[in-house]
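Please read them with the structure open.

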Amino acid sequence: MKIGFIGLGNMAKAMIGGMLKQGIVGASDIIGSAKTEATRRKMEEEYGIKTSADNRQVAQQAQTLILAVKPVFFPEVIGEIKDVVDGEKLLVSIAAGKTIAWIEEEFGKQIRLIRCMPNTPALVGAGCTAVCSNPFVTPEEEAFCRKLMESFGSAVAIPERLMDAAGAVGGSSPAFAFMFIEAMADGAVQAGMPRAQAYQFAAQAALGSAKMVLETGRHPGELKDMVCSPGGTTIEGVKALEQNGFRAAVMGAIEACVEKSRKL
């Protein structure tokens, strides 16, 4: 099974690294294209894969073709490759905002298409990928795609109508989490803690908190209540967050991401 990547940016790098680490495919089974020679050389040296400057060459050789370019480049890339993509190839899109119907229309013919929305924690093997398929994808192909996505984190099948929400709460939200970690560290620095130590405490607290939600299965509000002792320090902090519109701000950020995704 030859897997092709059109685009070799951070997300493609995370995916390739996960696939190779988990032994799902070998380096000789992967080919990728990128515009710059520096990117191609780096991927060849780091992962041992074959690369090309020609998107058509990658599309011709791959049985599973992953479109890993930014949404704005999709019309150009599809225009280059559509005449060498037949109904036997499995196409995987990781572009935000580009619906299955839109991609099908661009190709202008019946294609086997899976739409995925991974996130940047895939770079450290902790990604979360939303997955949906068009009717021409077989159960075996969908299972194979999920196996690929699970090589760098978790993969969840959802209906396409939820993909914009998944892109916001899964794809965009790591940026919000990084801002939260940075802000908590800033507060600790203000209180006298060295910067490096503040980042360590803040990041580990965020990591441990997320792990508790996933592994205990308990409601986040219940876990929050466990930390808030009556008359204690934590409830004072919670009050300060609420006074500054913390939850409304986060909900507004997710809403903004969803709306932007729908306009792409």
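1. Overall make-up. This is a predicted model, and the comments should be read with that in mind. The protein has 264 residues, of which 36% count as buried. Its secondary structure comes to eleven helices and eight strands.

2. Extent and contacts. Taken along the principal axes, the C-alpha atoms fill a box of roughly 65 × 40 × 30 Å.

3. Helix 1 and helix 2. How are these two helices set against each other? Helix 1 covers residues 10–21 and helix 2 covers residues 37–47; they pack at an angle of about 20 degrees, and their axes are 12 Å apart. Angles under 35 degrees count as roughly parallel, so helix 1 is roughly parallel to helix 2. The crossing of helix 1 past helix 2 is right-handed.

4. Residues between helix 1 and helix 2. From helix 1 the contact takes in K13, I16, G17 and L20, and from helix 2 K42, M43, E46 and Y47. By class, the residues of this contact are four nonpolar, one polar and three charged.

5. T51. This residue lies in strand 3, residues 50–52. Is T51 buried or exposed? Its relative accessibility is 17%, and buried means under 20%, so T51 counts as buried. The side chain of T51 also makes a polar contact with the side chain of E44, at 2.4 Å. Leaving aside residues up to four places away in sequence, T51 touches L8, G32, R40, M43 and E44. One of these, M43, also belongs to the helix 2 side of the contact with helix 1.

6. Helix 4 and helix 5. The second pair consists of helix 4 (residues 74–81) and helix 5 (residues 100–107), whose axes come within 9 Å and cross at roughly 40 degrees. These helices are therefore oblique to each other. Helix 4 passes helix 5 in a right-handed crossing.

7. Residues between helix 4 and helix 5. Which residues make this contact? Helix 4 supplies F74, P75, I78 and I81, while helix 5 supplies W102, I103, E106 and F107. Seven of the residues in the contact are nonpolar, none is polar and one is charged.

Definitions and conventions:
Residues are numbered from 1 along each chain as its sequence is written. This is a predicted model: local features need pLDDT of at least 70, side-chain atom pairs count only at pLDDT 80 or more; totals for chains, interfaces and linings use all residues. Side-chain values use heavy atoms; hydrogens and water are left out. Axes are lines fitted to C-alpha atoms, for helices over the stretch in contact, and angles run from 0 to 180 degrees between N-to-C directions. Helices (H or I, at least four residues) and strands (E, at least two) are DSSP runs, numbered from the N terminus. Angles under 35 degrees count as roughly parallel, over 145 as roughly antiparallel, 65 to 115 as roughly perpendicular and the rest as oblique. A crossing is left-handed if the near helix is turned anticlockwise from the far one by less than a right angle, and right-handed if clockwise. Contact means heavy atoms within 4.5 Å. Ala, Val, Leu, Ile, Met, Phe, Trp, Tyr, Cys and Pro count as nonpolar, Asp, Glu, Lys and Arg as charged, and the others, Gly among them, as polar. Buried means under 20% relative accessible area, exposed over 50%, partly exposed in between (1.4 Å probe, protein chains only). A polar contact is a pair of N or O atoms within 3.5 Å; within protein, one must be able to donate a hydrogen and the other to accept it, and residues adjacent in sequence count only if both atoms are side-chain atoms.
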